[in-house]
Amino acid sequence: MVRDATTEVVEGMIQLTDTILNAPMESLSQEQLISTGGVWEACEQVSNLPRDNQAAVVSSLAACLGVVKDAVEEMEHALVEGQDPYGDIMEDEELGFRGNRDTYWSEADRQLLSSCMGLMKASKACLKKVLAAVKAHGKAESPEQIAQLDDLADIANEISPSVDELALSMYPPVNPLAVRLNAAKLASVLKKVLEIAKTSHVCPPSEDSWVQFLTGAVDHNMNKVKNFTQGQL
């Protein structure tokens, strides 16, 4: 984060210097004003940088949580909309309807998707709990603590892409094998997050209960996905 912020300040200064050098003497162009504003903005970001690794990991986890929340809400909305998740973007203007069943969810699809939604909600809950634990117990005073925070941030960054891949495979026409593979990938990432959190300093014994609960929730939903797809592979 420090490196990126510093790069933005330096690049902003280079751009501003170029506009000044390329402008007529003693003139103030629109480009100079825009470049000056860019430098101010970059400098303000520096003043808002996290002061240590604990704060940096909190910031990173919060960003991941925001993206996953959006993905969960989007999929919940699509499922509530009814049988046609593409209704708002693929309406046939001339006919007023479509007869392609590949754009609809079957009842079997919906049973499978309910377990996938369980995994997606577990992802949100996992990030929420890990974020709270890092805020409450996270420290960056020793190399070991910093390494544990780094490991947590690295694995947590894999949750959002895995959620997105699962969500994309949930849209019709549903391929049960693709859904199962993506669900298994997300479940594996979540189990790693919970395992790393449990063995780190951010999870004292008082935090054990939610780690066990979420581990059970991930296993439960993944087993349901396996059962629903067993006869369709």
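Q: Lys191 first: buried, exposed or partly exposed?
A: Partly exposed, at 31% relative accessibility. Bear in mind that this is a predicted model.

Q: Which residue forms a salt bridge with Lys191?
A: Asp219 does, with the closest N and O atoms 2.8 Å apart. Asp219 sits in helix α8 (residues 208–229) and Lys191 in helix α7, so the pair links parts 28 residues apart in sequence. Asp219 is partly exposed too, at 32%.

Q: How many salt bridges in the whole structure?
A: Four. Another one pairs Lys185 with Glu165, at 3.1 Å between the closest N and O atoms. Lys185 is in helix α7 and Glu165 in helix α6 (residues 159–169), so this pair ties together parts 20 residues apart in sequence.

Q: And how accessible is Lys185?
A: Partly exposed, with a relative accessible area of 41%. For Glu165 the value is 33%, also partly exposed.

Q: What does Asp4 pair with?
A: Arg3, in a salt bridge with the closest N and O atoms 3.5 Å apart. Arg3 is exposed at 65%, whereas Asp4 is partly exposed at 43%.

Q: Switching to α3. What caps its N-terminal end?
A: Asp52. One of its side-chain oxygens lies 3.2 Å from the backbone nitrogen of Gln54.

Q: Last topic, confidence. What's the mean pLDDT?
A: 90 for the protein, with 90% of residues at 70 or more.

Terms used:
Residues numbered from 1 in each chain as written. Predicted model: local features only at pLDDT ≥ 70, side-chain atom pairs only at ≥ 80, totals over all residues. Heavy atoms only, no water. Polar contact = N/O pair within 3.5 Å; in protein donor to acceptor, adjacent residues only side chain to side chain. Helix = DSSP H or I, 4+ residues; strand = E, 2+ residues; numbered from the N terminus. pLDDT = per-residue confidence, 0-100. Salt bridge = Lys/Arg side-chain N within 4 Å of Asp/Glu carboxyl O. Buried < 20%, exposed > 50% of the residue type's maximum accessible area, 1.4 Å probe, protein only.
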